[in-house]
Amino acid sequence: MARIFCVANQKGGVGKTTTSVNLAAGLAKLGQRVLLVDLDPQGNATMGAGINKAELKASIYEVLLGMSDVKTVRIHSETGRFDVLPANRELAGAEVEMVELDNREKRLKDALADVDGEYDFMLIDCPPALSMLTLNGLCAANGVIIPMQCEYYALEGLSDLVNTIKKVHAKLNPDLKIIGLLRVMFDTRMTLSQQVSSQLEQHFGDKVFRTIIPRNVRLAEAPSYGMPGVNFDPSSKGAQAYIAFGAEMVARIKTL
Ligand code: ATP
Ligand code: MG
């Protein structure tokens, strides 16, 4: 049975996609079978895995609306060595169109059940909103990984996200839990980063991953080559951190 994790944070630009793509590639390096699910109409995870979102025959949109299935739509990422359920801007329409459908929060969950035995991990890259798409991600997942930057405003939105996760846990998906908070784009030279980081540890304890992802330009450059950072420049500090995070995840799921 695959472990399914959402990478979610309703704040924009906090490193969700970078985390999804690089964790997928890091886990693949460790021999894990991974499906990366792009649940964002921006299609950044698709592009970051080296798949051209403008040339898709079909995407997750058709899967959510029941016009196709995961087995037909998935594509293998050569640069990441994992499979991708790709997305593009068409997906924005699903938000509205799903409202009319039965079981609208669980469309992704039902679709992924089809390939459950084929993967060790499924990682869902969520859009920057607490929308119907994100709700589908949360209903499909066993857990949530929350990437966050250690800056003052990072903590502000966190309670909204935590409350949403609690509600989904109570009403729709009893399996759901927060796996952990991942500190990303970390700048060791900034006192504020250190302060927010220790506040997070005090408040959330074990729910804060040990691995810290540094700010590293190689991670930001990699998507323009259609490659996950961990394969674009494996020796860079950013790549090393995501590989370490992959190992931490593999160890952590054994304790769940
Ligand atoms: P959105 O909310 O729009 O989906 P996101 O949360 O998925 O954004 P990313 O796209 O992963 O965030 O990252 C935002 C920007 O920060 C990107 O340009 C990315 O390349 C850059 N970035 C992410 N992580 C790092 C890092 N550790 N070091 C340097 N740059 C980074
Ligand atoms: Mg993104």
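Asp, Glu, Lys and Arg count as charged, while Ala, Val, Leu, Ile, Met, Phe, Trp, Tyr, Cys and Pro count as nonpolar, and the others, Gly among them, as polar. The model is predicted.

**The largest pocket**

The largest pocket has a volume of about 520 Å³. Its lining holds 30 residues, and the closest to the centre are Gly15, Thr17, Thr18, Met185 and Pro223. Which element gives the most to this lining? Helix 1 does, with 5 residues. Helix 1 spans 16-29. Other elements that each supply at least two lining residues are helix 2 (44-48), strand 7 (177-186), strand 8 (208-214) and helix 10 (217-221).

**The second largest pocket**

The second largest pocket has a volume of about 220 Å³. It is lined by 14 residues, and Gly205, Asp206, Lys207, Val208 and Arg252 are the closest to its centre. Here strand 7 gives the most, with 4 residues. Strand 8 and helix 12 (237-255) also supply at least two residues each.

**The linings by class**

The table sorts each lining by residue class.

| Pocket | Nonpolar | Polar | Charged |
|---|---|---|---|
| Largest pocket | 17 nonpolar residues | 10 polar residues | 3 charged residues |
| Second largest pocket | 5 nonpolar residues | 2 polar residues | 7 charged residues |

Among the residues closest to the centre of the second largest pocket are Asp206, Lys207 and Arg252. Asp, Lys and Arg belong to the charged class.

Notes:
Residues numbered from 1 in each chain as written. Chains lettered and ligands numbered in written order. Predicted model: local features only at pLDDT ≥ 70, side-chain atom pairs only at ≥ 80, totals over all residues. Heavy atoms only, no water. 1 Å grid on protein atoms, 1.4 Å probe; cavity = no way out; pocket = protein on both sides within 12 Å on 5 of 7 lines; lining within 4 Å. Points joined across faces, edges and corners; volume = space filled by probe spheres on them.
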